[in-house]
Structures are given as C-alpha cells and as structure tokens.
Protein chains: 2
Amino acid sequence: MQTDRPLDPIGVFDSGIGGLTVVAALREILPSENIFYIGDTARVPYGGKSRRTVERYGIELGGLLLAEHAKIIVVACNTASALAVPRMRDMFKVPVQGVVAPGAAAAVKSTRNKTIGVIGTRATIASGAYEHAIKALDPEVRVVSAACPLLVPLIEEGMFEDEVTDRMLARYLDPLRSAGVDTLVLGCTHYPLLRTAIARAAGPGVSLVDSAENCALAVRELLANSGIAAPPSRLGKLDVALTDATEGFLRTAAKALDLEIGDVALRSVQEVQKA
Amino acid sequence: MQTDRPLDPIGVFDSGIGGLTVVAALREILPSENIFYIGDTARVPYGGKSRRTVERYGIELGGLLLAEHAKIIVVACNTASALAVPRMRDMFKVPVQGVVAPGAAAAVKSTRNKTIGVIGTRATIASGAYEHAIKALDPEVRVVSAACPLLVPLIEEGMFEDEVTDRMLARYLDPLRSAGVDTLVLGCTHYPLLRTAIARAAGPGVSLVDSAENCALAVRELLANSGIAAPPSRLGKLDVALTDATEGFLRTAAKALDLEIGDVALRSVQEVQKA
C-alpha cells in the first residue's frame, strides 16, 4: 500500500498533547514533511501505568499510525519511549524513534561537571531509561533523578505561573539542586510548556535540556539515511487525531507552540491481543 | 448461565480505586453479599474525558462485570454515574445503580438553608448531573458547584495532609463558603479519603455528604425488591480486578478503608463497537 514513501507522513504519537512540543521541532527542522499526530487522550496519562500496559498502548498507537501510511514512527512521549520502544522495534518494519536517546545525548553534551538531573513521570523514572542511556554514553556521569507526578496535571490545568506549581517544583527539584546538577533533562514532553517556572526552581547556571529538538534532528538523519525524506521544495501539512474528543488543552498547547491545526479527527483504538 | 442469582456477586466498577469507598459501605451494610470490583486503572482518570468516551467505558466495564455473573451493576464512579448510567440502563437487563442520585437525596435531606455545594471532576460538574438530581427533589434548593481537577492526582499521591493540598482546597472551596453552603456533596468517590482536609477547608457548620453509604442503602433496596439478596447467614467475599497492574494506591486505599483484599486479578478491556 506504500505507493509513495517520501510523501507518506511522519507518524507521531503521545499519550496526550505534550508531544506537540516534538511536532513543533519537527516542523521547524523538516518543514517539507507531512506529519500525522495522534494523542491518546482517551487513556492519558501513561505516567503511572505499568510497563506491560504502556507497551500495549505503544503497539496499538503505532498500528494506527501505520494505517495512515507512516514511513517512520516517532514516540513523542517519554513514558512510552522508556517502556515501549524496544517491543515496537521488534514488531514494526518502519524505523521507530523515541525521545529518550536524543535527550540523553544532549544532556551528556551539555554537562560540565558530569552531574545530570532527570525529571519525569513515575513510570519514566522507575524505568531508569535515561540513566541507562546517559551512562552508556559516559559512564562517569552521575545521574540524579526525581519523579514529578503532579507536574502533568498542573500543566494540563494551565497553571504555568502559580504559587502551587512553584511549591511543588521546589519540593521536586531541591534534592537535585543540592546534588549540584548543572544540566536538567525535561524527561516528559509536557515539561517544556513549564520551562520558565522549572528554570526558576532549578536555579541559575543549570541548563535545561528537552528532547524535542534533538529528536527532530535524529528523525532527519533517519529519513536521509533511508532515502525517504520528502522533496525540500514542498510545504508539509500537519494532521491531528485524538482518541477522545477533548480539545481544550489541545488548543492551548497549539497556540503556545504556534502550530497550525485544522480539523481534529477521532480515532478508535483497537485493542491488540495480549501475548 | 445465571444458575444461582442470590449468590452471584454485586458488580462494582470505578475508573480506578476510589470506588472502594463504596465497596466499604456495601460490606458494612450487606456483609453476606459477594462483591466483584473492577478498577479501570489502564484508563484512569475519567474526569477530563468526553461523554461519548465515558459512556463507552461504562458499557465495556459493565460487560466485564456481566461476564462475572453480576446480578446488579454499581457504578461507583461519579463521572461514569453522571455520564454513562442512562446508556448502560438501555443496554443491560440487570439493575444499574449509580452514586449521583443517592448523593443528591442525602444532600437534600441534610441542608437547612437550602444551599448545597457540589465538588467533583470537570466532567461530573460540566454534566450538571448533581444539580439536576437535586433540583428534581427540591426545586427551591440553590446549588453551587466547583470542578476540582487537581484533587484526584493529589489524593493518588497520598497528599492527604499537605499544605499544597490545603491551598488548592482553599482555592476551590472559598467561592462555596462565600455562597453560604451548609452542605457539601463529595461528588467523586476519591474525595472521602481527603475528608479531614476538605472539612477544614469547608469551614465549621458545613455537613459533608458522600454517596457511598446512601448508594449501599439503595443497592440493598434493589436487591430486596428483586428477590435476589444473598441469604443473611453467610459471609460474602470481595474479589478485585484491575485493567492495569498498578497496585500501589490500591493497597494504600484498602488499608485506609480496612478492606480485606486477596490476590488481584487482571482483566483486559474489549473495546465495544461504536454506534
């Protein structure tokens, strides 16, 4: 069915809307590519769920993207990148790109004192995926991690500048400050929307690393190496689908990220049989 | 397949673990009944999702309970009670009991100044289900509602006694205090776990109403009227299944509610075809 690989879309999915930060970076770096984005808003959030369930969700969402003729699948969700990418690579023939490896590489490049902080959902932090990826690049780096389970709800409430958010950030980040991290990985695609408050809480001299831009660069390389990049002359389009029709936060995020989104389609998730 | 209705279980479901507050009330009032509880932890929370999706989830969970030979289905989730019960009643032959009507009745019985506050998830409050049910019982009552979207995440983090929780409660409840409510409906089955902090924020002289006990009384009446109550001499058992294997908060809640839970089973949700 793949009649025209270069014009087939880059398929991107996230548990919800946070992955649009990755879409914004893709549009910046690869403006001629079509993008098909699916947010699994019917089952958001993934961050407190088990590996087995997140793996299943990744395979199901990947299947929806393949049905849209995706030529590559971008997992724009840190929890799914940390937990589901290996199984997705086993199952799908198209390349699967997560956000953890690019984020880890950027952090290793950024740190001066070899002390990196990582914040993310409970599932992402418990997986140890960032720590593993960072240590694989430089075993001498010390990694200090903190699960921040309330940040996604606070962001989805739009509480970007709020004393309650600041208090929670202080609680989550104080141990990382004390440990002397000079680089902080925003290990959840929601977090760039809270960048200003996070920078304030992390303190001066701490570089914030988000995976979005590095993930988009990795996608560009994958497309070039596979010879399936879209011709540079054209202007790509962005299609968005959700598994539940709750558009409130979608519009807020799209505006904050300066993304053009037309009609939003609905997709039904077909459950795959468990092994 | 229904060979022995009186010993068939009462089927109870919730989006997650909060519905165990209803189970605790059922065990207290109906100790001889078997109970089969399913928490849809793979898709929790429901509170920010659309009516159509919550209806579908209600029908799917109801189907899982019928597969366990449930003789009655108790929707121990305010969001699903507000949004899904009418369609479930259309589809299922067994009685379907939600928590909204019993909570509304208890609130109308409790208020002296005919001013009732209702707190719940965004979806529950937007549905107007409590306001509708209260006005149907007494059109003169004034209802003041507030969506409290951060309370479920705070409760699931176990932040029962915490200044951040107190600040969010003050923000949510101050308008209800100013409106002079003398009765406050805890319109989410998670909220009884936060009763102490809610009572403090609501101020003295405000009666807190939760639906759990009144829902259990309604179930007792339904079973008696249908002639399918279990014989009073026996001791019923409680079985728990989850759609995702994340047991952390289950154990916390069960302990807080003094519930005996053995092994926890896993159930896979089979998506129903959309109409």
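Predicted model: local features only at pLDDT ≥ 70, side-chain atom pairs only at ≥ 80, totals over all residues.

Mentor: Let's start at B:Val75. Setting aside neighbours within four places in sequence, B:Val75 is in contact with B:Phe13, B:Gly58, B:Ala80, B:Ser81, B:Ala84, B:Val85, B:Val96, B:Gln97, B:Gly98 and B:Val99. Now zoom out to the largest nonpolar core, which has 88 residues. B:Val75 is one of the three that touch the most other members, along with B:Val22 and B:Val74. Helix α1 of chain B, residues 20-29, gives this core its largest share, 6 residues. Where does the core sit? Domain 1 (5-98 + 213-266) and domain 2 (100-211) of chain B both give residues to it, so the core lies between them. There's also a second, separate core, with 84 residues, including A:Ala24, A:Ala80, A:Val99 and A:Leu193.

Back in chain B, have a look at the open sheet of 4 strands, in the order β6-β5-β7-β8 with parallel pairing. β6 (142-147) and β8 (207-210) stand at the edges with a single partner strand each, so one side of each has no neighbour in the sheet. On average, neighbouring strands here are turned by 25° against each other, direction ignored. Take β7(B), residues 183-187: it pairs with β8(B) in the parallel sense over 4 bridges, and B:Leu184 has B:Leu208 in β8(B) as its bridge partner.

Two helices lie across these strands. Helix α9 of chain B (residues 163-178) lies across β5, β6 and β7, running at about 170° to β6(B). Helix α10 of chain B (residues 195-202) lies across β7 and β8, at about 140° to β8(B).

Key:
Residues numbered from 1 in each chain as written. Chains lettered and ligands numbered in written order. Core = buried A, V, L, I, M, F, W, Y, C linked by C-beta atoms within 7 Å. Buried ≥ 20, exposed ≤ 12 C-beta atoms within 10 Å, placed from the backbone. Domains from an automatic or database assignment. Contact = placed C-beta atoms within 7 Å. Pairing = 2+ DSSP bridges. Axes fitted to C-alpha atoms, helices over the stretch in contact; angles between N-to-C directions.
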